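I am opening a notebook on this structure. Each entry records something I looked up and what I found.

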Amino acid sequence: MLNRTADSVARATPEPLARKVRGISDKGLAWLFISPTILLLLAINIFPLFWAIYLSFTNFRANRPNEVVKNLGLANYKRILADQDIWIAMQTTAHFVFWTILLQTLIGFTLAWLIDRKFRGHAFWTTIILVPMMLSPAVVGNFWRFLYEPQIGLFAYAVSFVTGIPATQISMLSNVSLAPWSIIIVDTWMWTPYVMLICLAGLRSIPEYIYEAAEVDRASNWRQFWSITLPMALPFIMLAVLFRGIENFKMFDMVNLLTGGGPGSTTEVASITLKRQAFESWRTGYSSAFAIILFVAVFGLANIYVKALNKVKQR
Amino acid sequence: MSLTVKRKSRWPIWARRGLMENVATAIIAIGFLMLFQPFALALYTYSFVTMLAGTAMFIIVSKFPE
């Protein structure tokens, strides 16, 4: 029956087309299907990368497209790598990345460990904890700006209630020493659920019989945690750190919405400096060189991390 | 029981993937620390070259035989 249908379809197909379709090999067909994706990838990712590398050696300015583009060689790179302001922006970025990753990993893993206890209503609490991650960074940035307001902000009132300092004196976003921490708090609040989710997947993947064997051997809870839970969840924790590390190196939206790099330049991370150079000073060639330096840093870090991750997985 | 005899590779031992990848990783890590350290501008200046060399080396040596 099936053969008869196939025969009738084959007979109904016009001869040249049938020959053409039959002429494509499996490999050719595979290329035909993936070529639109490859073309899109080339147009959106690969071409801009090579274009940015080319621009990084020139004095091109995007606001003066008709001006003659001069080749500067390595001058942009030399200037960036001798610029004290950019060096400070790099340190600010490192400060953010270090503290956000540390806090997110510690809190995220602890939450995952607690949720994994499977207490009553754990599914409800998991959903509640995941809410911040689902919000748009623009929305989060705006409502935290209101929360941080010294006059009307809930955050200032909460801190005032605990510490006794008048709420009007707690101005998180305009205080030089508090402004970096205000961004760290918001980023930790927003992205800890993400780390928690990855850690929870790791904890749920540990087979129950290992714990049962440890119970038989009379291993204490503390010993079980250090010898079973942590080593087996480590690849997942490292994966979360890799994702958050790469993401936080590019942190822009939250900083831009909350402080815009201020007060002064205390929260001016590398991406804010990059945006200022590219779209306020219109030094496109210079900012392209800066972007390439950041790209190499993140790419190198990702290499180290993937190697470490493979080592942990092989254990 | 089957006996398998591994053919001896002529690739020099010092240039095996494992060792060379470790060297490249160390160079990247040093470059990374140089880029973000707050102590000396000179270290920051040479951080990019160090990182780039380490990354290029890592890409090349990851194709070496184990």
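**Entry: H13 and H14 of chain A**

Which residues in H13(A) meet which residues in H14(A)? I note before I start that this is a predicted model. From H13(A) I list Ala270(A), Leu274(A), Gln277(A) and Ala278(A). Facing them in H14(A) I find Thr284(A), Tyr286(A), Ser287(A), Phe290(A), Ala291(A) and Leu294(A). I sorted the residues of this contact by class: seven are nonpolar, three are polar and no charged residue takes part.

Next I looked up the geometry. Two packed helices are described by the angle between their axes and the distance between the axes. For H13(A) and H14(A), the axes come within 8 Å. They cross at roughly 160°. Angles over 145 degrees count as roughly antiparallel, and H13(A) and H14(A) are therefore roughly antiparallel to each other. I also noted the hand of the crossing of H13(A) and H14(A), which is left-handed.

**Entry: the loop between them**

I then went to the loop between helix H13 (270-279) and helix H14 (284-314) of chain A, where I found Trp282(A). Trp282(A) is not a glycine, yet has a positive phi of about 55°. Is Trp282(A) buried, exposed or partly exposed? I find 14 other C-beta atoms within 10 Å, so Trp282(A) is partly exposed.

I placed Arg218(A) in the loop between helix H10 (208-216) and helix H11 (221-249) of chain A. Buried or exposed? I counted 7 C-beta neighbours inside 10 Å for Arg218(A), so this residue counts as exposed.

**Entry: Ala289(A)**

Back to helix H14 of chain A, where I picked Ala289(A). Why does Ala289(A) count as buried? The cut-off is 20 or more other C-beta atoms within 10 Å, and Ala289(A) has 27, so Ala289(A) is buried.

What does Ala289(A) touch, not counting residues up to four places away in sequence? I list Ser56(A), Asn76(A), Tyr77(A) and Ile80(A). I also looked up the separation of Ala289(A) from Leu130(A). They are 159 residues apart along the chain. Their C-alpha atoms are separated by 38 Å.

**Entry: H5 and H9 of chain A**

I turned to another helix pair. At what angle do H5(A) and H9(A) pack? The angle is about 40°, and the axes are 6 Å apart. That makes H5(A) oblique to H9(A). H5(A) passes H9(A) in a right-handed crossing. By class, I find 18 nonpolar residues, seven polar and one charged in the contact of H5(A) with H9(A).

**Entry: where chain A touches chain B**

How many residues of chain A are in contact with chain B? I find 17 residues of chain A in contact with 18 residues of chain B. On the side of chain A, helix H5 (84-115) and H14 are the elements that give two or more residues. The largest share is nine residues, from H14(A). I sorted the side of chain A by class and got 12 nonpolar, four polar and one charged.

**Entry: chain B**

What does chain B contain? I find three helices and zero strands. From the N terminus on, the elements run α-α-α. Chain B has 66 residues, of which 26% count as buried. I then looked at contacts in chain B between residues at least 6 apart in sequence. Of these, 62% join residues at least 24 apart.

**Entry: Ala24(B)**

With 24 C-beta neighbours inside 10 Å, Ala24(B) counts as buried. Which residues is Ala24(B) in contact with, leaving aside its neighbours within four places in sequence? I list Gly54(B), Met57(B), Phe58(B) and Val61(B). I also checked Ala24(B) against Met34(B). They are 10 residues apart in sequence and 15 Å apart in space, C-alpha to C-alpha.

Terms used:
Residues numbered from 1 in each chain as written. Chains lettered and ligands numbered in written order. Predicted model: local features only at pLDDT ≥ 70, side-chain atom pairs only at ≥ 80, totals over all residues. Helix = DSSP H or I, 4+ residues; strand = E, 2+ residues; numbered from the N terminus. Buried ≥ 20, exposed ≤ 12 C-beta atoms within 10 Å, placed from the backbone. Contact = placed C-beta atoms within 7 Å. Nonpolar A, V, L, I, M, F, W, Y, C, P; charged D, E, K, R; others polar. Axes fitted to C-alpha atoms, helices over the stretch in contact; angles between N-to-C directions. Parallel < 35°, antiparallel > 145°, perpendicular 65-115°, else oblique. Left-handed = near helix turned anticlockwise from the far one by under 90°.
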